[in-house]
Amino acid sequence: MSPVRAHAAKERTASDAFQEALRVAAKNAEDVDRQGRFPSEGIDALRAAGALGWQVPRDYGGAGAPIDDLAAATFELARRCASTGLVFAMHQIQVSVIVRHLSNSTWFKKYLECVVSDQRLIASATSELGVGGDLRRSIAAIEPVSDSGGNLVRFQKNASTISYGAHADDLLTTVRRGPNADQGDQVLVLTHLSEMETEQTSEWDTLGMRGTCSPGFIVRARCLPDQILPVPFATIAEETMVPASHILWAHVWLGLSTDAFERAQNFVRAQARQNPGTSPPSALRLSDLCVRLAEFRALVNAVTNEFISLSEVAGRPGFSAVSYAIRINNLKIAASEAAIEICQGALSVCGFAGYTNGGQYSVGRHLRDAHSAALMITNDRLRVTNATLLLLHLHSDLK
């Protein structure tokens with residue numbers, strides 16, 4: 001990061017408004033988890049800080065914050081409340097998609113101005129019943145509205161989950177390009193709450209990440225054709241949605257893991273103060289945990305820096321490389337496993353004090369939240385994808 005960018009990032013995250021958002025997120029984290037409710041206080045505080053529009057380019061009123069700035073903010077939020085951090089991260093993923101792929105769309109340029117001025121929260125509907133969890137396939141399709149004179153289109157999608165769907169202002173949805181299009185011929189369409197009918201189809205009462213409030217919905221929407229992003233979803237997923245998701249998610253898991261580690265560290269310090277001059281047995285486990293956390297942090301930083309470097313190359317050809325697809329998938333797999341390992345290790349260090357709900361050494365919420373990581377685009381699916389890509393990579397090398 002350049003000195004200018006680093007200074008701007010520090011100003012944003014160190015601002016009184018963002019620090020207040022961190023305090024609010026921390027204050028409400030236990031209640032959000034216990035009640036399984038949306039972290040409305042934290043998101044409102046982020047709105048007050050203007051954080052939902054940070055990534056929007058300066059031409060449209062935003063701060064033009066790059067992904068490493070957003071990752072740093074995500075990390076700090078997740079250290080206080082993983083659900084708040086994940087909501088912020090998922091919103092920024094959708095903003096990133098629009099910023100990088102709006103092409104010359106006047107409609108989306110004006111929409112970005114509204115994201116800044118109104119601090120609109122964007123959710124994503126990429127999951128769908130009937131496609132087996134495959135992000136790159138859709139059943140729902142864009143269709144013309146016959147009685148609108150060609151001015152409107154519509155779609156109906158049965159989404160298996162929509163994170164914070166009942167609390168978002170807008171929804172970015174994957175659908176087929178048309179009724180006769182293949183399942184893999186997808187586009188993204190942005191619809192406002194006022195243009196949608198939503199029918200909740202499931203409940204959200206989960207082990208962890210309870211505050212993300214992610215039940216399933218049937219979504220019915222009518223909108224203008226201008227609200228369809230002009231770039232094919234295959235390109236969007238490859239260049240932006242998949243890598244940005246894995247990077248920002250990884251910062252969520254790194255944040256909650258860091259807080260779990262710090263609670264374990266404080267526990268060991270308290271033990272050491274009770275017996276000056278002796279090293280508690282738990283200190284050895286903490287030492288091993290420190291190494292694992294350092295490895296986790298180094299991996300996340302390295303992949304984030306690579307994403308920035310590839311984004312700066314004209315045409316972004318690096319994102320289409322098989323080797324990059326494998327590496328970005330590996331980040332998700334490794335980060336999701338590291339989060340569980342570190343939180344479990346923190347529980348072993350803290351013992352019963354970590355096992356209790358509440359208290360300065362409690363890590364139960366952290367461990368439960370960490371277990372969601374392997375399920376968000378399941379690790380098994382990514383391993384199958386990587387196995388296929390490795391075979392393709394091998395064949396290309398042999399030719």
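1. The axis of a helix, as the word is used in this note, is a line fitted to its C-alpha atoms, taken over the stretch in contact. Two packed helices are described by the angle between their axes and the distance between the axes. With that in hand, please keep in mind that the model discussed here is predicted.

2. The pair to look at is helix H7, which covers residues 233-274, and helix H9, which covers residues 322-350. The axes of H7 and H9 come within 9 Å, and they cross at roughly 20°. Because angles under 35 degrees count as roughly parallel, H7 is described as roughly parallel to H9. The crossing in which H7 passes H9 is left-handed. Where H7 is in contact with H9, the residues divide by class into 21 nonpolar, four polar and two charged.

3. The largest pocket has a volume of about 960 Å³. It is lined by 37 residues, of which Ser127, Thr161, Leu375, Met376 and Ile377 are the closest to its centre. Among the elements that each supply at least two residues of this lining are helix H5 (82-101), strand E1 (122-125) and, again, helix H7. Sorted by class, the lining of the largest pocket has 16 nonpolar, 17 polar and four charged residues.

4. The second largest pocket has a volume of about 520 Å³. Of the 22 residues that line it, Arg136, Val242, Asn329, Thr385 and Leu389 are the closest to its centre. The lining of the second largest pocket is made up of 13 nonpolar, five polar and four charged residues.

5. Tyr164, although it is not a glycine, has a positive phi of about 45°, and its place is in the loop between strand E3 (153-159) and strand E4 (170-176). Is Tyr164 buried or exposed? Its relative accessible area is 1%, and because buried means under 20%, Tyr164 is buried.

6. The other residue is Arg316, which is likewise not a glycine and has a positive phi, with a value near 50°.

Methods
Residues numbered from 1 in each chain as written. Predicted model: local features only at pLDDT ≥ 70, side-chain atom pairs only at ≥ 80, totals over all residues. Heavy atoms only, no water. 1 Å grid on protein atoms, 1.4 Å probe; cavity = no way out; pocket = protein on both sides within 12 Å on 5 of 7 lines; lining within 4 Å. Points joined across faces, edges and corners; volume = space filled by probe spheres on them. Helix = DSSP H or I, 4+ residues; strand = E, 2+ residues; numbered from the N terminus. Nonpolar A, V, L, I, M, F, W, Y, C, P; charged D, E, K, R; others polar. Axes fitted to C-alpha atoms, helices over the stretch in contact; angles between N-to-C directions. Parallel < 35°, antiparallel > 145°, perpendicular 65-115°, else oblique. Left-handed = near helix turned anticlockwise from the far one by under 90°. Buried < 20%, exposed > 50% of the residue type's maximum accessible area, 1.4 Å probe, protein only.
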